[in-house]
Amino acid sequence: AFTPRVFSGIQPSGGLTLGNYLGAMKRFVDMQGSGIETIYCVVDMHAITVWQDPQALQKQTRELTAGYLAAGLDPTKSILFNQSQVPEHAQLAWIFNCVARLGWMNRMTQFKDKAGKNAEKASLGLYAYPALMAADILVYHATQVPVGEDQKQHVELTRDIAAKFNHDYGTEFFPMTDPVIEGAATRVMSLRDGSKKMSKSDPSDASRINMTDDADAIAKKIRKAKTDPEPLPSETAGLAERPEARNLVNIYAALSEQSVDAVMADVGGKPFSEFKPMLADLAVAKLAPISTEMARYMEDPAEIDRILADGAGRARKIASPILKKTYEIVGM
Ligand code: ADP
Ligand code: NA
């Protein structure tokens, strides 16, 4: 039996969105201090699978760390570090590159989305990304990974890699990690197109709420969010065929820490002209203090670097013996 342990990460590829916050960061913070060890990472090695300006990457690494801290991540309760500072991730990833099959990688929908039509020009790293993600998780023997819906396939691949490794080497060394995809905001959608997820890489800034947006920008984006002309339905079931309405209600539920049913009991039947200002007020009330705190942390980059260095040291204490044992199993 494996000791329960939580691991997850976010890429420092610029501009944290409300989707990252509700689908990942806020849930990471909620899992902290529940008696289970929590390990959270800035995954800079994933970010460089597409070109990153070196100075921008360093700044974004600090900004994401500031975001974690501002959202309530406590480095005395969780381990918080930057992936490239713990070389065991890359070392285990190579072994997993030799375990994973090309056919498995070829089925990854995120690669297809991110590589687009010109997959020949994509980096080998972008293709191998899920094997590195498996190493991120399994180098800690993590049993639970809180992620958004879009990462479900990669956590399944992590299980496939663990199972094949265990089978090929006749061992039970790696756990079968469970994805934790829970709550109202596991897939926050674009404010301009209810069929696309909210993403930092969407060319339209109006499609997303950035964690650094000010109150006016947040209110304006919500006011202009695409919806159908009908008022909200009176019951939750009425949201099923209305992706834009459902998305705004889900965001409201996640921000206010209520179930969708509880929110609908309050707002069901209201026109958007009434509901959108309620949502805007709530979003500003929840996000403004975080962006203020983020800016405050960014005034002291040395302190951020110190927190990351301390976290890396603690992470290596767990990762190093697991990597050593993996090498032994493989005969290296
Ligand atoms: P992005 O997908 O924005 O490039 P990452 O790949 O670093 O960011 O994802 C970090 C975490 O945020 C992952 O757990 C991912 O599932 C989650 N996430 C990203 N976008 C959304 C969204 N629109 N809704 C819910 N969760 C999301
Ligand atoms: Na993602």
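# Reading the model, feature by feature

Tutor: Start with aspartate 160, which counts as partly exposed because 16 C-beta neighbours lie inside 10 Å.

Student: How do I read the classes buried, exposed and partly exposed?

Tutor: Count other C-beta atoms, placed from the backbone, within 10 Å of the residue's own: 20 or more is buried, 12 or fewer is exposed, and in between is partly exposed. Aspartate 160 itself lies in helix H8 (residues 152–168). Its C-alpha atom is 30 Å from that of threonine 61, which is 99 residues away along the chain.

Student: What kind of model is this, and how are things numbered?

Tutor: The model is predicted; local features need pLDDT of at least 70, side-chain atom pairs count only at pLDDT 80 or more, and totals for chains, interfaces and linings use all residues. Residues are numbered from 1 along each chain as its sequence is written, while chains are lettered from A and ligands numbered from 1 in the order in which they are written.

Student: What is the mean pLDDT of the protein chain?

Tutor: pLDDT is the predictor's confidence in each residue, from 0 to 100. Here the protein chain has a mean of 96, and 100% of its residues reach 70 or more. The model also scores ipTM 0.94 and pTM 0.95.

Student: Which domains does the protein chain have?

Tutor: Domain bounds come from an automatic or database assignment. That assignment gives domain 1 (5–180 + 300–330) and domain 2 (205–295). Their centres, taken over C-alpha atoms, are 30 Å apart.

Student: How many residues are in contact between domain 1 and domain 2?

Tutor: A contact means that two C-beta atoms, placed from the backbone, lie within 7 Å. Ten residues of domain 1 are in contact with nine residues of domain 2. On the domain 1 side, helix H1 (18–31) and helix H3 (54–70) each supply at least two residues. Helices (H or I, at least four residues) and strands (E, at least two) are DSSP runs, numbered from the N terminus.

Student: Which classes of residue make up that side of domain 1?

Tutor: Seven are nonpolar, three are polar and none is charged. Ala, Val, Leu, Ile, Met, Phe, Trp, Tyr, Cys and Pro count as nonpolar, Asp, Glu, Lys and Arg as charged, and the others, Gly among them, as polar.

Student: Which residues surround ligand 1?

Tutor: A residue is near the ligand if its C-beta atom, placed from the backbone, lies within 6 Å of it. The shell has 19 residues, and the closest are Gln11, Gly19, Gly23, Ala24 and Gly148. H1 gives the most, with four residues. By class, the shell has six nonpolar, nine polar and four charged residues.

Student: Which residue does the UniProt "binding site" annotation cover?

Tutor: The annotation, from an unreviewed entry, covers Asp136. UniProt positions use the numbering used here, feature names are shortened, and annotations may be inferred rather than shown by experiment. Aspartate 136 sits in helix H7 (residues 124–138). This residue is buried, because 27 other C-beta atoms lie within 10 Å. Leaving out residues up to four places away in sequence, aspartate 136 touches Phe7, Gly9, Cys41, Val43, Gln83 and His89.

Student: Where is serine 190, and why does it have its burial class?

Tutor: Serine 190 is in the loop between strand E5 (178–180) and helix H9 (215–223). It has 23 C-beta neighbours inside 10 Å, so it counts as buried. Beyond four places in sequence, serine 190 touches Lys196, Lys197, Met198, Asp202, Ser207 and Arg208.

Student: What does glutamate 149 touch?

Tutor: Glutamate 149 lies in the loop between E4 and H8. It touches Ile181, Thr186 and Arg187, not counting residues up to four places away in sequence. Isoleucine 181 is 32 residues away along the chain, yet the two C-alpha atoms are separated by 6.4 Å. Glutamate 149 is partly exposed, because 14 other C-beta atoms lie within 10 Å.
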